[in-house]
Amino acid sequence: MKTLVLAEKPSVAREIARVMGSHQKHKSYFEGPKYIVTWALGHLVGLAEPEDYDVKYRTWELEHLPIMPEKMKLKVLRETSHQFKAVQQLAGRQDVAELIIATDAAREGELLARWIMAMVKWKKPFHRLWISSQTDKAIREGFANLKPGSQYNRLYESARCRAEADWLIGLNVTRALTCKFNAQLSAGRVQTPSLGMIMDRENEIRNFRSAEYHTLQGEFDGFQAQWRPRGGQGDGRIFEPNQAEALRGKVDGKKGKVTSVKKSEKSEPHPLAYDLTELQRDANKRYGFSAKQTSNVLQRLYEQHKLVTYPRTDSRYLSSDMTDTLPERIRSVAVGPYAAIAKPLLRGKLPITRRVVDDSKVSDHHAIIPTDQTVILNALSNEERKLYDLIVRRFLALFYPAAKYELTALTIDVEGETFTTRGKTVIQSGWREVYGQEDSWDDDEDEAGAGREDDRTGTQLLPSLREGETVQLKRANLRKDRTQPPKRYTEASLLGQMEKYGLGTPATRADIIEKLVSSDTIERQGSSLHPTGKGVQLIELVASELRTPELTAKWEQELEKIARGQGGTEPFMKGIRQMAESLVSGVKTSDAAYKPHNLLNSRCPECGEKMMEKKGKRGKMLVCSSGDCSYRRSGEKQLSNRRCPQCHKKMELKDGKAGKYVQCIGCNVIEVLDGERGGRVNKREQQNLVKQFEKKESMGSSLGDALRAALERNE
C-alpha cells in the first residue's frame, strides 16, 4: 500500500518527491515505491459563488441582498479543475491507504488541503507534515515525525470561519455599494478598515494648520545647548516672535552656571528576530520594497534557494528544540561579508536568552532565520541578496551582547533661563558591530506622524564639567521653523498599524495593500500611500463600524481563540451574519451620492457623455461614463515610427473601424496602415479620411467637442 502526499505547489512536490525517493514522473504527480506526491495549484477548491446557490444572483440587484446561504457550499475552481481531477483520481486508487497533508504549515495551507479532502470525500486516515524549512534534512525529519491530522482541526475551523466571514461581509457589502451607487466599489472585512486608517491620517493632514515658531540655541565653549522653559515643561518652541527676540537678548553673551551633571549608563539589547511583518517594514524603510515584493522575494529564498525558514510567521522568537541547530546555522552563513562577525560566535557557547528562545511566544512557526544550507551569494539576485542580508545580520545580532553607552545630561542656568544638552559615549558596541557603521535601528518611524523638533545636541561629545562651574554663552541663535503635519502612511508604518490592530495575518497583509492599490482606492506616490478620490468617497459611503479597525480586531481575536480551542465557530458566524445584514441595510437606506472621481472634461464622440479615465493592465483607458455606450480607447498616446510630412513629428497610432491608421492631430494628416492602399494617400483621399475619422477622436476639450457637435447638427 502507498501513501498519497499533497503539496501546495509543483516545485515543493518536486523537492519532496526527490528527497523521499518518488522518482517516477507523471503529468500531475510523482510516484515511488512508498509515496505518491501530487500538488495543488494554490486553491483547487473554493467557496461557491452566489449564482451557484440561485441563478438569479448572476445579475447584481439590490433587492437580492443580503445573500445568506444556510450552509456554505464548496466548488471546484474552473481554472485549476484539471489538477483537481488528477488529485481526485489518485485519492480513489485502491493502493492508496493514507494521506499526508504537506501544504504550507499555516492556516491557509490547512484550509486548502481540507477543502480538497472534502470535495474528494476522503475517508481514510491522514497525517500532517509540519516543517519550517524546505531543506532535505527538514523534509526527512518532518516525515519521521508526522503529526496526527486531527491535531489541526481547530486551525482548520479558524481558517474556514475567516474565509466564510470574508465572503459574507465582502461580497454582500461590495454588491450593495456597487448596485446602490452604480460604480465599482469594493469593501471588505480587512481592506476597508485599512483604507479607513489611511483616510483618518489624510483628514488629520487636511485639517492641520501650520504655525511658525522659534527655538533658541546656545553656543558654549565646545558644545551647544538648547533653551527649555522653566521646570522642564515643553519642548523649547516659542510661538511669539517678540518673546523669542527678548529671550535671545537677555542671555546672549552672558555667563552661565552648570546646575546639574547627570551621568548614567544605558544598555540597549539586540533587536528581536524577524517575523514577516517586521521584515516587510524594514525592507520598505531601507530598500523601498513593497510588502508584496518582500513576500515574493522571501518565498524564493525559502522555496527555491532553501536559505531561510518558513516566511509567513507571526512570531519573533525561536523554540527550545532548535537550540542545538543554531551553531550549524551560524556556520552555514559564515561566508563573505558575514565571516568576520559569525566566526567569533562559534568559539564558545552561544548565549541563549529569553529574547531569543521562548516557547510561550511561538505559535505555529518560529521567527525567520537562516537554514543550515550553505549559501552561495553569487547565486542570488540583487533583491534576494538585500533581503537575505537583513535576515542574516538580524540572526547573528541575536547572539551578540547589548550595546552600552554612557549618557551625560547637562543643565545650565543663564540669567535665570535654562539650557539643556546631552552627550553619548560608546562603552561597548555589542550587537551594533554586526551592522558596521549603521546606527539607525532605533530611528523607528513616528507612528503618530507628528513632526518633531530636530534635537541636534543628542550625540555630541561634551567637555568634562562639574556642578557649579561657570561657562560662557558665546552666542545665542534663534532658529525659525514651522510645525509640520502628520506624515502620510508608508507601507512600513501601515503594516505596523495593521499588526497593532490585528488586521489580516502576516500572510495576507501585503495582498490587502495591493488590493487597495488595484481597486484604485489608494495610490503610491513615492514611498507614501495616498487615498484616491474613489477611496475618499468609499470611506464616506460605508458604515462607521466597518471603517474603523476595532471591530475587525475583535473578530481576529475570536478567530485566534477558535484556533486555540477556546472559542466556538457558531457564535462567531452568527455575529458575522448579523453584521452583514446590518451593513447591507445601512447601504440600502443611505441617501448619500457617489460622484465618479475619474470623470474628464472631454466627451464621448459617439454619445456626448463625459469620458472616464480607468487604469487597466495595459495602461490607462478612456471609457464612456454612460452605461449604454461601449466606446473606449487608449488613454495614452501610442506613437508610431512614421513621421508627419508637414511638421515631421511622430504620428499617433490609432485603431478605427476602417483599420489601423496614423494621425498627426495638429496638422490633420492621416495615413492608413492597413488595407489595400497601405501607404500615403493623395490630398482628396486624405480629406475624406479626416472626415471619416475625426468624429471618433476627442481633442480633450469639452468646448471643442460641443462646438463640433453643434456644427454637425446645423449641417
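Predicted model: local features only at pLDDT ≥ 70, side-chain atom pairs only at ≥ 80, totals over all residues.
Local features here need pLDDT of at least 70, side-chain atom pairs count only at pLDDT 80 or more, and totals for chains, interfaces and linings use all residues. Residues are numbered from 1 along each chain as its sequence is written, and side-chain values use heavy atoms, with hydrogens and water left out.

I begin with the helices. Helices (H or I, at least four residues) and strands (E, at least two) are DSSP runs, numbered from the N terminus. Helix H3, residues 81-91, packs against helix H4, residues 107-120, at an angle of about 65°, and their axes lie 10 Å apart. Axes are lines fitted to C-alpha atoms, for helices over the stretch in contact, and angles run from 0 to 180 degrees between N-to-C directions. H3 and H4 are therefore roughly perpendicular to each other, a term for angles of 65 to 115 degrees. On the H3 side, the contact (heavy atoms within 4.5 Å) is made by Phe84, Val87, Gln88 and Ala91; H4 contributes Ile116, Met119 and Val120.

I turn now to the sheet. Seven strands form an open sheet in the order S15-S12-S13-S14-S11-S10-S16, with antiparallel pairing; two strands pair if DSSP finds at least two bridges between them. Which strands are at the edges? They are S15 (470-472) and S16 (475-482), each pairing on one side only. From one strand to the next, the twist averages 40°.

Within this sheet, S11 (residues 223-228) and S14 (residues 417-428) pair in the antiparallel sense over 3 bridges. Arg228 stands opposite Thr418 in S14.

Conventions
Parallel < 35°, antiparallel > 145°, perpendicular 65-115°, else oblique.
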